[in-house]
Amino acid sequence: MTEHPGDAPSARSGPREEGLGRPPFPRPRACATLSLVSDSSKRRRSTAPSGSGSGRARAKGDAAGDSVALAAAPYLTRGVELDALLVTVVDSIVEHLDAERGTLYLVDGRSRTLTSVVAHLPELERIRLDFGQGVAGTVAAQGQIIAVSDPGADPRFDASIDRQTGFSTRSMLALPIRDSAGEVIGVLQLLNAGRGQFTLADQAKATTLATSAGQVLQATSLYADLRARSPLEREADPEPSEAVEEPDPSQSQIRPGPKYTFNQIVGESRAMRQVYAIVRKAAGTDATVLITGESGTGKELIARAVHVNSPRREQAFVKVDCTTLPEALIENELFGHERGAFTGAHRTAPGKFEVADGGTLFIDEIGELPLTLQGKLLRVLQDREFERVGGTTTIRTDIRVICATHRDLPAMVDAGAFREDLYYRVRVVPIELPPLRDRGSADRLRLIEHFVDRYGRRHGRPIHRVTKAAQARLLEHDFPGNIRELENCIESAVVLSDEGTIDVDDLPLAPRKAKRGRTQQGSVPTETGQSSGHSGPNLGLQLGDPTLSLAAIERAHIEAVVQACEGNQSEAARRLGIGRNTLARKLGHS
Ligand SMILES: Nc1ncnc2c1ncn2[C@@H]1O[C@H](COP(=O)(O)OP(=O)(O)OP(=O)(O)O)[C@@H](O)[C@H]1O
């Protein structure tokens, strides 16, 4: 994420840089954690998504505060687009104040730090500042607006970031954003007034806008995160002293500021930060992205992040899942059909390539795409053209394609099941998501906390405490279903918990001892030859029973594995070593 000039007190003790890589984007649009490529003229023309209220509000007579609130409103209901919400808020303010650039920092009063969450400079990564550090840090500490008219002569300003970015700061306005209780929850910093200096009138206008921004921010989950005392922390220190104000360094591992790196994607491990760095670079381009990783590792979430942080974010994000459709329908789904193309085709219907025109098409489980269709997909990727099923007219489409798979595509290429030319065409930007077991305990704790908070709120069952035994159990379980399995586990525990406490018995995980030594006649051996140890149903079947048909055993086994995979059929198919379509067919779902 980005830092603006003036926030670092000195080159020596400058702000802590969080991310990786520095893509040389020339004139970026505001970005939230991930950096975007976009020309600023577009930002000037339209800072809110089509259909949002910002344009209308301005046309009505410039109730500046309302404009921000209205522009942001469509996002408040869509958690995944948190980035876009924050970008819209900052863009609106930058435009109203006729500034060149803007940064929004979130303030964590307990750790006395600020973290940039939206900025127009993508050259630097997310920055954390301490209270009192730089201009923004001073605003956070003192709660007063600061206008800098001569940065070179102001001791709070440091030119080290200007030197790094090549940006030239001529004037600066930094002001606190408060919640309804008056507490400073953010700092908004604007750079380079269009008319040279920020005037007193600008300051008054900015203050009004900051009030609106505070209301918007207060409605987001970021704010809730910053306010909430983690149930994991409560367990570590069940009876805190009221007077404790200083941050506890031992907690910084778990809560280093806002929990989300962006878009509610939790994770700060090195592997995930590398993922974010690639996403950031890819987002500003139209390059095809291939996301690989085990089932439940967040491939779709990352695909959405690429879209939401790309210049296409105001257009559609269209998903097609190659596993949910029988082979015969995938072609139709992707390419559409002409009227009369087949029996029952009474109307011409567009396919996903047309629906996604201008936006992003996410092809999930591309490894399941039949060979017959792989050539057709290759042509779209190369030429952006195709014909509908039964049609002769060539249709052009302007799409960005993101693919995902849990399959080993190179192995499929070797086996002749996946076209090599298509493989290279889709993996222009490869992103590999690590399994949960490789993300480290700090990220696991962050995820646990995140889901406890989410499902506590969703089910109206606030959780105040996760016992140490429960935390230990969650940390030792290997979660083959990855984050999806962890998420389901926590949701279940939230619902089953008593008096706001999650204890080990609330976790729907097989007890450790029972897991070992489960192997018995009729139990299901895993690939490694051990008992699966899942807590699924007793099949009630005896291997070797001469009255049982093979089909009955097969079906019972498939159902048991699906249940063990928490209903995730993709994962179940992977474990069974069959395709997702085959699994659906055997269960009679297709
Ligand atoms: N880093 C993360 N932070 C928060 N939630 C996450 C994260 N990664 C995954 N999730 C959540 O886990 C669930 C599974 O994620 P997602 O559907 O993106 O995985 P996937 O790899 O696409 O799975 P599949 O291969 O089975 O389709 C979703 O509810 C998602 O929101």
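Among contacts in the protein chain between residues at least 6 apart in sequence, 71% join residues at least 24 apart; two residues are in contact if their C-beta atoms, placed from the backbone, lie within 7 Å. The model is predicted: local features need pLDDT of at least 70, side-chain atom pairs count only at pLDDT 80 or more, and totals for chains, interfaces and linings use all residues. Residues are numbered from 1 along each chain as its sequence is written.

**The whole chain**

Display the protein chain as a cartoon: there are 23 helices and 20 strands. These are DSSP runs numbered from the N terminus, with helices being H or I of at least four residues and strands being E of at least two. Of the 590 residues in the protein chain, 46% are buried, meaning that 20 or more other C-beta atoms, placed from the backbone, lie within 10 Å of the residue's own.

**The cores**

Next, select Val279, Ile291, Ile302 and Val306, which have the most contacts inside the largest nonpolar core, a set of 62 residues. A nonpolar core consists of buried Ala, Val, Leu, Ile, Met, Phe, Trp, Tyr and Cys residues joined through C-beta atoms within 7 Å. Because domain 2 (270-432) and domain 3 (436-506) both give residues to this core, it lies between them; the domain bounds come from an automatic or database domain assignment. Centre the view on Ile291: leaving aside residues up to four places away in sequence, Ile291 touches Lys299, Ile302, Ala303, Ile402, Ala404, Ile431 and Leu433. A second, separate core has 43 residues, including Val135, Met172, Leu175 and Ile185.

**Helix 10**

Select residues 270-283, which form helix 10. Its buried residues include Met272, Val275, Tyr276 and Val279.

**The ligand**

Now select the ligand. Which residues are closest to the ligand? They are Val266, Ser295, Gly298, Lys299 and Glu300, among the 21 residues that surround the ligand, each with its C-beta atom, placed from the backbone, within 6 Å. Strand 9 (265-266), helix 11 (299-308), helix 17 (440-458) and helix 19 (482-496) each supply at least two residues of this shell. Domain 2 and domain 3 each contribute at least three.

**Helix 19**

Finish with helix 19, whose 15 residues reach 21 Å from the first C-alpha to the last, close to the 21 Å expected at 1.5 Å a residue; the expected span is 1.5 Å times one less than the number of residues. Among its buried residues are Ile483, Leu486, Cys489 and Ile490. Helix 17 and strand 20 (501-502) are included in what covers the buried residues of helix 19.

Conventions
A residue is buried if 20 or more other C-beta atoms lie within 10 Å of its own, exposed if 12 or fewer, and partly exposed in between; C-beta atoms are placed from the backbone.
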